[in-house]
Amino acid sequence: MTVTDNLDTAGHRDNADIIGRAEIDDIEAILAVSNTDVDEVYHVVKDNADAIFTWDYSLARPALRKLYEKAKTGQWNGTTDLPWDTEVDFEKVIIEDVSANNLNRDLYVEGPLAKWGDKEWLAFNMDQRRWMLSQFLHGEQGALLCTAKIVETVPWYDAKLYASTQVMDEARHVEVFHRYLDEKLDGGFQVNAHLRLLLDDIVNDSRWDMTYLGMQIMVEGLALAAFGFMHQLTQEPLLKQLLRYVMSDEARHVAFGVLSLKEVYEEMTDGEMKDRQEFALEAAVRMRDRFLSQEVWERHGVAPRDIVPLILQDEQRGLFQQLLFTKIVPNCKKLGLLDRNDKWLRHKFEEMGVIQFEDFEDTGEEYIKFELGETPEDAREVQAVAGH
Ligand SMILES: [Fe+2]
Ligand SMILES: [Fe+2]
């Protein structure tokens with residue numbers, strides 16, 4: 001087989017080349033990817049990049065410098081700004097957070113979960129919460145490594161300054177998610193295999209803008225949406241505040257990606273944009289694959305391939321999956337990724353059922369709304385936490 005066998009008319013590679021399977025929804029292929037080295041302590045990835053000095057210290061990108069100033073005043077302390085003395089009765093929280101448990105139990109009265117009663121569902125939903133927060137934690141570490149890499153690889157002075165603040169932000173996020181899992185939920189889960197594949201590919205790519213695209217646009221775009229849902233749905237005041245604080249940082253991070261890449265992508269050729277479109281598709285699919293949470297099913301004695309066809313028919317869950325793309329799709333549109341090369345990425349997002357978000361607000365300026373102390377809700381939360 002020659003390389004050209006896998007190219008479509010616009011020169012794009014096919015699904016098999018990009019994501020390792022021909023059909024995006026091929027369940028067998030998705031579940032065939034799993035972590036085999038669950039006990040490893042270290043995971044080594046080559047980062048293949050040049051470290052770039054710049055001697056041009058002029059203010060060339062005021063929008064990035066403004067973001068840098070915002071980042072300096074938006075810092076918070078994970079140790080002292082969150083109410084760690086909050087009692088978290090984990091069982092009770094999961095029972096009360098019914099709407100945050102993304103499976104509708106009534107739909108599973110037949111099939112492999114037919115025998116599950118309250119006890120089994122509670123245990124499952126507790127692990128589902130642990131798993132979700134664990135993937136947030138591992139994703140945050142990915143962001144920590146990626147941003148440290150951006151400090152080295154981005155050629156622009158203003159961007160190096162900004163990226164350095166994001167390194168600190170991500171360290172704080174790793175710190176607070178880990179502490180929450182460890183102290184309040186009795187530990188978490190290993191990294192999901194699909195998430196790890198994606199993080200590996202982002203770190204591995206030698207082109208500096210790919211780190212931004214993979215992390216700031218795709219992973220953090222999804223994280224901002226996911227944190228937002230959990231923040232809205234959970235009744236647990238410590239987690240609610242933790243997520244609120246993390247989101248105030250994440251919104252800046254996504255803005256950093258949008259502002260930086262817009263400039264770069266406007267200058268790119270169709271051929272260069274093709275690679276970026278393919279990378280965006282790969283990231284979107286990997287993130288969707290991870291939400292099958294196969295590790296949780298396995299821990300509860302259910303073979304993922306027996307249950308996944310059922311959960312894919314669960315409309316409530318399907319809607320939740322789609323909503324995770326509310327930030328990613330408009331940002332991709334703003335960057336010109338949807339429509340270049342005969343609308344290639346638009347067609348792929350249509351296939352994934354997420355194109356309807358293209359005209360949602362992009363995240364170039366949205367960070368201002370997420371600043372701490374900016375919403376009436378913050379005031380209520382401060383009161384609620386003070387009175388816990
Ligand atoms: Fe983060
Ligand atoms: Fe981030």
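Me: Which element gives the largest share of the lining of the second largest cavity?
Reply: Rolling a probe the size of a water molecule over the atoms shows where empty space is left. A cavity is a set of points on a 1 Å grid over the protein atoms alone where a 1.4 Å probe fits but cannot get out, and lining residues have an atom within 4 Å of a point. Here the largest share, 6 residues, comes from α8, helices being DSSP runs (H or I) of at least four residues, numbered from the N terminus. This is a predicted model, in which local features need pLDDT of at least 70 and side-chain atom pairs pLDDT 80 or more, while totals for chains, interfaces and linings use all residues. Residues are numbered from 1 along each chain as its sequence is written, and ligands from 1 in the order in which they are written.

Me: Which residues lie nearest the centre of that cavity?
Reply: Phe 136, Gly 139, Glu 140, Val 219 and Ala 223 do, among 15 lining residues.

Me: Which residues coordinate the iron ion (ligand 2)?
Reply: Donors are N, O and S atoms within 2.8 Å of the metal (3.2 Å for Na, K and Ca); water is not among the atoms, so sites may look incomplete. In this case Glu 170, Glu 220, Glu 250 and His 253 coordinate the ion at 1.8 to 2.1 Å. Glu 170 also bridges to the iron ion (ligand 1), 3.0 Å from ligand 2. Glu 170 lies in helix α6 and His 253 in helix α9, so the pair ties together parts 83 residues apart in sequence.

Me: Is Glu 170 buried or exposed?
Reply: Buried means under 20% relative accessible area, exposed over 50% and partly exposed in between, with a 1.4 Å probe and protein chains only. Glu 170 is buried at 0%.

Terms used: Heavy atoms only, no water. 1 Å grid on protein atoms, 1.4 Å probe; cavity = no way out; pocket = protein on both sides within 12 Å on 5 of 7 lines; lining within 4 Å. Helix = DSSP H or I, 4+ residues; strand = E, 2+ residues; numbered from the N terminus.
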